[in-house]
Amino acid sequence: MTKFRRIDPEISRRTFVNYSLGVAAGVSALSFITIVGSARPVSRQTPDKLPPAEGDILVYAEGTNTGKPVDIGTLEPNPTRAYPQRKTKSGETILKKGEQDSNLVLISKFPEGQLKAPTNLQAAPQGIVVYGAVCQHLGCQVNWKNQDQTYLCPCHSGNYDPKAGCKVIGGPPPRPLPQLPVRVEGTQLVVTGTYLIPPYGVSEEEYEQYKQLAEEATKA
Amino acid sequence: MNQWLDERLNISRLNDKFLRKAFPVHHSYFLGEITLFSLIILILTGIFLALFYEPSQQLVANPLDPKGTQVPAAFASVIQINGLPYGDMLRRIHHWSANIMMGAAVIHMMRIYFTGSYKKPREINWWIGVLLLVFTALTALTGYSLPYDNYAYTTLKVIYGIAGSIPWVGDFIAQLAFAGQFPGDRLIPRMYGYHIMLLPGVLLGLTAAHMLLMIKQKHTQPGYAKRIAYKKIVGVPLLQDQSFIMVMLGLLLLGIIMLFSAFIPVHPVEFYGPPSNQTPPIKPDWYFLWIFGILAILPSTLEFNILGGTFNSEFLGGVLGAGLIVLIFLAVPLLDRTSGREMHYYSENPTDHPVRLGLGIAMTALLLVLSVAGYKPEIVNAGVLTNENANPVFWIASVAVPVIAYFLTIGIVRMIRWLRAADERDQRAAAAADD
């Protein structure tokens, strides 16, 4: 009678199957992650996304004069919406709407004596103040509230006082709206530098980089 | 024909196994069915709408004003759907069904909670149910954005902002979910893919699991079943008693939704217009209002940094706060220490479990207070509160109202039980006197 002696293989069937399953699952999961990653498209830096910079001309963002330079004679406290427009050295004009339309600005003109600190008065000729229109809270565009002559964000009622540097007078925004320094040239408004404080979507740490980007934009 | 099918598919076995399932007869057991029927109406109307909707942000001529400024194709196609025979009606039915599905799901969940039906062995179905609620809300949210009018656009922007507020990875996650920097060219195709493929797929899968587990584990029996036939399953069979009730309920629901849709317009895209630089005042749908409320009353000064990650009020309120509430819902079967001990067959009388009842009512009260806080701007404008005292008032209310609701519930339950005991005493005394 032969005696059957079972010899243990180096690796049991169960262990082998478990390992091979694990490896197959791991490889397919890894490749799946790369597919998911591609769901986020690459963002391309194009000239129209650059920050407003020195030399840009402010042009109407809406209405019948869309794309034409803002005429300072028509300005009033109720703000005019505008975008900065760049004329490159090669003579091309680029409408700089910015990332997420972040370059939309509000131009209000108040009687000169009404503007007070912390408004940067050098950057506000003839009582004309220019502010980024994008609320610092969650990126909605703010509206005019005629009742008390302030800017009000309809999304979560962030309230800004345009006569006092757009400081926050109500609601959740963490920072004032960014002021854009301008000067008057003829009847037009010309930007003299980028936003004085970081706009929505730019943190304090990224602000230096943002200013550098604006610097580069002036060379185009 | 029955025989022909039976010989080939053995349908008598299907009949024995599934179609004779006993359904308890109690009106509160219709809430889940209403949710399911709303889902079916949503899918049917959704298919029709998908045939005409164009998921694209390409600028095309405005159908209302062909010579005027161009509008996104998605917006234009919704205007065209409105122009179809019954097109606007179908949009409204779709929208109303979504609201009713959420409402029925919430009340269905309350029924399960207050009667303790989440207890062993039904914990898994409770978890699936909470997930269904979350995914229903997400599906509604993505559907909301599809008309791509000014309202939807602004809402999307806010949601993008909240997603982006997650520390460290926020920007990446927001861009991953919304196809790049807002508003990327592929934003609407992405939302469309979520709304008609991904999320309904998840919903259908979870619903199937929900139903199968319910059939496997059987309904909890309503209290009267205990008195009629203890430890026996009481109810009417699916085929044909319950199915008649179901069809009636479904048709009645459809009728009511159509009545609502005919007289109460929802989301008038023509009124909101295409995305523009003018921001309309936005409010989320009622089931997101509590998150909106948290955001409205959190001070912006609440912002701190840990290891380079910024924790701001949007993250704390919109992501962490909302996530915490969902986690509490998921944890219910684990928090209830009586849940894992024994098999649970009968729906419990809520008054026999005053603490659970009180906590449930306190949570409902909290969500209601937060939802009212969502109306802060209107309340401030109406002069009831001022900008300065609104936040403290809502903070105090969101603690005080749930606490008061809890103790009030406990008090009322105690009174009910005292009256019930007194009744029993009286009956016993009367019975003794009769003898």
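Predicted model: local features only at pLDDT ≥ 70, side-chain atom pairs only at ≥ 80, totals over all residues.
Start with Trp168 of chain B. Trp168(B) has 12 C-beta neighbours inside 10 Å, so it counts as exposed. This tryptophan sits in the loop between α7, residues 150-164, and α8 of chain B.

Chain A has a case to set beside that. Ser157(A) also is not a glycine, and its phi is positive, about 50°. Is Ser157(A) buried or exposed? With 23 C-beta neighbours inside 10 Å, Ser157(A) is buried. Its loop runs between strands β7 (150-152) and β8 (159-161) of chain A.

Next, the peptide bonds. Most of them are trans. In chain B, Phe182(B) and Pro183(B) are joined by a cis bond, with omega about -15°. Pro183(B) lies in the loop from α8 (170-177) to α9 (187-217) of chain B. Another cis bond joins Leu239(B) to Gln240(B), and there omega is about 0°. Gln240(B) is not in a loop but in helix α11 of chain B, residues 238-263.

Now one helix in more detail: α3 of chain B, residues 31-52. How far apart should the ends of its 22 residues be? The rule is 1.5 Å times one less than the number of residues. That gives 32 Å for α3 of chain B, and its end C-alpha atoms are 32 Å apart, so the two agree.

Several residues of α3(B) are buried, among them Ile34(B), Phe37(B), Ser38(B), Ile41(B), Leu42(B), Thr45(B) and Leu49(B). Look at the spacing in that list with the helix repeat in mind. An α-helix has 3.6 residues a turn, so residues three or four places apart point the same way. The cover over the buried residues of α3(B) includes α4 (73-83), α5 (87-114), α9 and α11 of chain B. Helix α11 is the one that holds Gln240(B).

Chain A is assigned two domains, domain 1 (9-40) and domain 2 (47-219). Their C-alpha centres lie 53 Å apart. Between the chains, 23 residues of chain A are in contact with 29 residues of chain B. On the chain A side, these are 11 nonpolar, 8 polar and 4 charged residues.

Notes:
Residues numbered from 1 in each chain as written. Chains lettered and ligands numbered in written order. Domains from an automatic or database assignment. Helix = DSSP H or I, 4+ residues; strand = E, 2+ residues; numbered from the N terminus. Buried ≥ 20, exposed ≤ 12 C-beta atoms within 10 Å, placed from the backbone. Contact = placed C-beta atoms within 7 Å. Nonpolar A, V, L, I, M, F, W, Y, C, P; charged D, E, K, R; others polar.
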